[in-house]
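Take a look at the fold shown here.

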Amino acid sequence: MPHPIDADRIRRKLAATRMPADPLDVDFTHLGERMPDSVVSRLRGKLRPAGVLVPIIERGSDLSVLFTERSAGLTHHAGQVSFPGGGMETQDRHIGETALRETREEVGINPSQVEVAGYLEPTATITGFAVSSVIGFVDPAYAAEPDPTEVETVFEVPFGFLMDDANVSYAERMLDGERIRVVSFDYGRHRIWGATAGIIITLKRILYK
């Protein structure tokens with residue numbers, strides 16, 4: 001297991017990051033590798049900007065990360081584990097506002113309860129979104145109020161669990177006739193995979209760089 005990460009290190013490592021000026025400016029990489037050309041061709045020019053919050057909870061020296069399990073009736077990513085977030089709307093001034101607005105709407109955490117620590121660059125998902133990640137510390141006294149039309153449940157995972165290589169699984173799947181790597185974490189009954197797991201891996205690389 002790598003050296004534990006504390007809250008101060010997260011703040012230091014992310015201090016120089018900036019909110020993406022163009023949330024559609026993606027480089028079409030996944031887990032450090034370029035997506036297959038067939039996938040890039042299908043997605044290019046058709047991506048919708050989206051913002052998610054990676055909510056870190058600091059309780060003394062203990063850190064955890066909040067996730068949502070999406071409702072089964074949703075059009076996109078139904079039943080999957082994800083970070084709170086969603087598509088950018090016309091009233092959003094920037095993609096950071098999108099992430100915080102969606103967090104409030106989905107789980108009842110207000111922007112005033114979030115200390116933004118930094119940002120990750122937009123990444124493309126195979127479902128057609130360009131996802132920008134906001135990394136933020138959430139007031140540990142938060143009381144989640146999930147919107148049942150979007151969120152089935154809210155749960156936390158220890159930060160150290162997500163940073164431990166022993167808890168990461170890699171596999172391959174076929175996409176548009178080409179192989180692409182898939183990463184996942186299994187925590188209790190929850191499987192964290194796809195773009196959400198990819199965000200965790202990207203954050204880990206920055207923190208241990």
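Two strands count as paired if DSSP finds at least two bridges between them. The model is predicted.

Strand β11 covers residues 178–187, and β10 pairs with β11 in the antiparallel sense over eight bridges. In general, strands of a sheet pair through backbone hydrogen bonds, either parallel or antiparallel.

Now pick out a residue of β12, namely His190. Is His190 buried or exposed? The cut-off for buried is under 20% relative accessible area. His190 has a relative accessible area of 11%, so it is buried. Leaving aside neighbours within four places in sequence, His190 is in contact with Glu69, Val81, Thr153, Phe155 and Phe185.

In soluble globular proteins, nonpolar side chains tend to be buried together. Here, the largest nonpolar core has 36 residues. Which of its residues touch the most other members? They are Ile10, Phe67, Phe159, Leu162 and Phe185. Helix α5 gives the most to this core, with six residues.

Leu162 shows what such a position looks like. Leaving aside neighbours within four places in sequence, its contacts are Val65, Phe67, Val157, Phe185, Ile192 and Ile200.

There is also a second, separate core. This core has 14 residues, among them Leu53, Leu66, Val138 and Tyr142.

**Aromatic rings**

How many aromatic pairs does a search of the whole structure find? The search finds three. A pair of aromatic rings is described by the distance of the centres and the angle of the planes. Two of the pairs are set out here.

| Pair | Centre to centre | Angle between planes | Type |
|---|---|---|---|
| Phe67 and Phe83 | 4.9 Å | 25° | stacked |
| Phe67 and Phe155 | 5.8 Å | 20° | stacked |

Start with Phe67 and Phe83. Phe67 lies in strand β4 (residues 62–70), while Phe83 is in the loop between β5 (81–82) and β6 (85–87). These parts are 16 residues apart in sequence, so the pair ties them together.

Turn to Phe67 and Phe155. Phe155 is in strand β9 (residues 151–158), and this pair links parts of the chain that are 88 residues apart.

Phe83 is buried at 3%. Phe155 is buried too, at 10%. Together, Phe67, Phe83 and Phe155 form one aromatic cluster.

Another ring has a charged neighbour. Arg11 lies over the face of Phe137, at 4.1 Å from the ring centre.

**A contact across the chain**

Tyr119 sits in strand β7 (residues 114–124). Met19 is 100 residues away from Tyr119 along the chain, yet their C-alpha atoms are separated by 5.7 Å. Leaving aside neighbours within four places in sequence, Tyr119 is in contact with Thr17, Arg18, Met19, Pro20, Ser133 and Val134.

**Positive phi values**

Most residues other than glycine have a negative phi. Where is Phe28 found? It is in the loop between α1 (7–14) and β1 (29–30). The phi of Phe28 is near 55°, a positive value in a residue other than glycine. Phe28 counts as buried, at 6% relative accessibility.

Leu31 lies in the loop between β1 and β2 (33–34). Leu31 is not a glycine, yet its phi is positive, at about 55°. With 9% relative accessibility, Leu31 counts as buried.

Conventions
Residues are numbered from 1 along each chain as its sequence is written. This is a predicted model: local features need pLDDT of at least 70, side-chain atom pairs count only at pLDDT 80 or more; totals for chains, interfaces and linings use all residues. Side-chain values use heavy atoms; hydrogens and water are left out. Helices (H or I, at least four residues) and strands (E, at least two) are DSSP runs, numbered from the N terminus. Buried means under 20% relative accessible area, exposed over 50%, partly exposed in between (1.4 Å probe, protein chains only). Contact means heavy atoms within 4.5 Å. A nonpolar core is a set of buried Ala, Val, Leu, Ile, Met, Phe, Trp, Tyr and Cys residues joined through side-chain atoms within 4.5 Å. Rings of Phe, Tyr and Trp (its six-membered ring) pair if their centres lie within 6.5 Å; planes under 30 degrees apart count as stacked, over 60 as edge-to-face and the rest as tilted. A charge sits over a ring if NZ of Lys or CZ of Arg is within 6 Å of the ring centre and within 35 degrees of the ring normal.
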